[in-house]
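I opened this entry to keep track of what I looked up. My notes follow in the order I made them.

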There are 2 protein chains.
Amino acid sequence: MLVSELKKTIREIPDFPKPGVGYKDLTTLFRNPLAFVSAMDRMVDRYHGEKIDLVAGIDARGFSLASVLAYRLDLGLVLVRKAGKLPAAVEAESYQLEYGQATLEVHRDSVEPGQRVLVVDDLLATGGTAAAACRIFERLGAVVEGCGFLVELDYLNGRDQLPPDRVFSLIHFEE
Amino acid sequence: MLVSELKKTIREIPDFPKPGVGYKDLTTLFRNPLAFVSAMDRMVDRYHGEKIDLVAGIDARGFSLASVLAYRLDLGLVLVRKAGKLPAAVEAESYQLEYGQATLEVHRDSVEPGQRVLVVDDLLATGGTAAAACRIFERLGAVVEGCGFLVELDYLNGRDQLPPDRVFSLIHFEE
């Protein structure tokens, strides 16, 4: 499928989670076999041959993409989880949400210093979540080699929160 | 890797989440590239050629397995989410936890009547979560063709909550 066709499989839900916001519902892309496989193949192609040691998926929908990337690139998968989910010693990072804050956690022994990590999530919006994940890996001595997203909402400028030359998104919404 | 070797990559965390419980930490399997790819290949092999229309992953770690299965079997991926995460009309099902209860939701339009669904999660413990997911799909008119898990804790008898002849788990812990 063309990227323009992939984009059309994404459903927009008006006024979710609040009035005036058009929510990009990626579940309609996921449940479409042609779209899902084609989108994942393109993500894999983007990173095939790159020097990456581990793929990190962000809780929860990021796991769906990260696991296929890890599987196809013959790499391990690291889970970046919401607070309280991981059983061993964690490195944690809090970040601001529109209301309140959230915390992400990574097992401290899930990366070794110097390892190159690809951080993956389904959607890049304001960038706060992905930036927090990157800060955790950097604090653990790893190198964030790339940040990969299925969809980027360009108008929210989330890319500015991340190493700009290391961000890739397959599908872009300009407004 | 042999299944016995895969099993050894799973870390046991004593006294988590409470004293006396030995928590099976699958993140150590996920982050091991040989183990992760080998485990996923075996899951895919188990279902290759079966009559399945959709793969459903249970929030959140189930997404990691379900997405690789969907990708490799050329099927769409449906997300079974915790309450409040899905933006369109949902079918919901609550189930008992040790303390309190939890609710799973599936988009009503994510399956069509008669479609055959493979329900996937990382771990089968008491079976309450997977059983709730199955009830949602049955209520939506779909057929639960199988329930696939990476790990099953046999001593918790979760299999008894599910159609017994349709459960597959790659790795078993007897105690």
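I began at the end of a helix: H4(B) is followed by B:Asp74, and the phi of B:Asp74 is positive, near 60 degrees. Helices here are DSSP runs of H or I with at least four residues, strands are E runs of at least two, and both are numbered from the N terminus.

I noted the ground rules next. This is a predicted model, in which local features need pLDDT of at least 70 and side-chain atom pairs count only at pLDDT 80 or more, while totals for chains, interfaces and linings use all residues. Residues are numbered from 1 along each chain as its sequence is written, chains are lettered from A and ligands numbered from 1 in the order in which they are written, and side-chain values use heavy atoms, with hydrogens and water left out.

**Helix H4**

I looked at the helix itself. H4 of chain B covers residues 62–73, twelve residues. From first C-alpha to last it reaches 16 Å, close to the 16 Å expected at 1.5 Å a residue. The expected span is 1.5 Å times one less than the number of residues.

How many of the twelve residues of H4(B) are buried? Eleven are, so the helix is largely enclosed by the rest of the structure. Buried means under 20% relative accessible area, exposed over 50%, and partly exposed in between, with a 1.4 Å probe and protein chains only. Among the buried ones I listed B:Gly62, B:Phe63, B:Tyr71 and B:Leu73.

In chain A I checked A:Leu73, which lies in helix H4. A:Leu73 counts as buried, at 15% relative accessibility. Beyond its neighbours within four places in sequence, A:Leu73 is in contact (heavy atoms within 4.5 Å) with A:Val44, A:Tyr47 and A:His48. I also took a distance: the C-alpha atoms of A:Leu73 and A:Asp122 are separated by 18 Å, and the two residues are 49 residues apart along the chain.

Most residues other than glycine have a negative phi, and most peptide bonds are trans. I looked for exceptions.

A:Asp74 has a positive phi, near 60 degrees. A:Asp74 sits in the loop between helix H4 (62–73) and strand E4 (76–82) of chain A. Is A:Asp74 buried or exposed? It counts as exposed, at 51% relative accessibility.

B:Asn157 is not a glycine, yet its phi is positive, about 55 degrees. I found B:Asn157 in the loop between strand E8 (143–153) and strand E9 (167–173) of chain B. B:Asn157 is partly exposed, with a relative accessible area of 44%.

Then I turned to cis peptide bonds. The bond from A:Phe16 to A:Pro17 is cis, with omega near 0 degrees. A:Pro17 is in the loop between strand E1 (11–14) and strand E2 (22–25) of chain A. The bond from B:Asp59 to B:Ala60 is also cis, with omega near 0 degrees. B:Ala60 belongs to the loop between strand E3 (54–58) and H4 of chain B.

I moved to helix H5 of chain A, residues 128–139. Its end C-alpha atoms are 16 Å apart, which agrees with the 16 Å its twelve residues should span. Its buried residues include A:Ala130, A:Cys134 and A:Phe137. The buried residues of H5(A) pack against several strands, among them E3, E4 and E8 of chain A. Just after H5(A), A:Gly141 takes a positive phi of about 90 degrees.

A:Cys134 is in no disulfide; the nearest cysteine sulfur, in A:Cys147, is 3.6 Å away. A:Cys134 is buried, at 4% relative accessible area. In chain B, the sulfur of B:Cys147 is 3.6 Å from that of B:Cys134, too far for a bond. B:Cys147 is buried too, at 0%.

**The two chains together**

Last, I compared the chains. Chain B can be laid on chain A with an RMSD of 0.0 Å, by a turn of 180 degrees and a shift of 0.0 Å along the axis. That is the relation of a two-fold axis. I noted the method: least squares on the C-alpha atoms of residues with pLDDT of at least 70 in both copies.

The contact takes 43 residues from chain B and 43 residues from chain A. The chains bury about 3,300 Å² between them, 60% of it on carbon and sulfur atoms. Buried area is the accessible area (1.4 Å probe) that two parts lose on being put together, summed over both. B:Arg31, B:Tyr71 and B:Pro87 lose the most area in chain B, together 24% of what that side buries.

The interface holds two salt bridges, each a side-chain nitrogen of Lys or Arg within 4 Å of a carboxyl oxygen of Asp or Glu. A:Asp109 and B:Arg11 meet in a salt bridge, at 2.6 Å from N to O.

Key. Disulfide = S-S within 2.5 Å.
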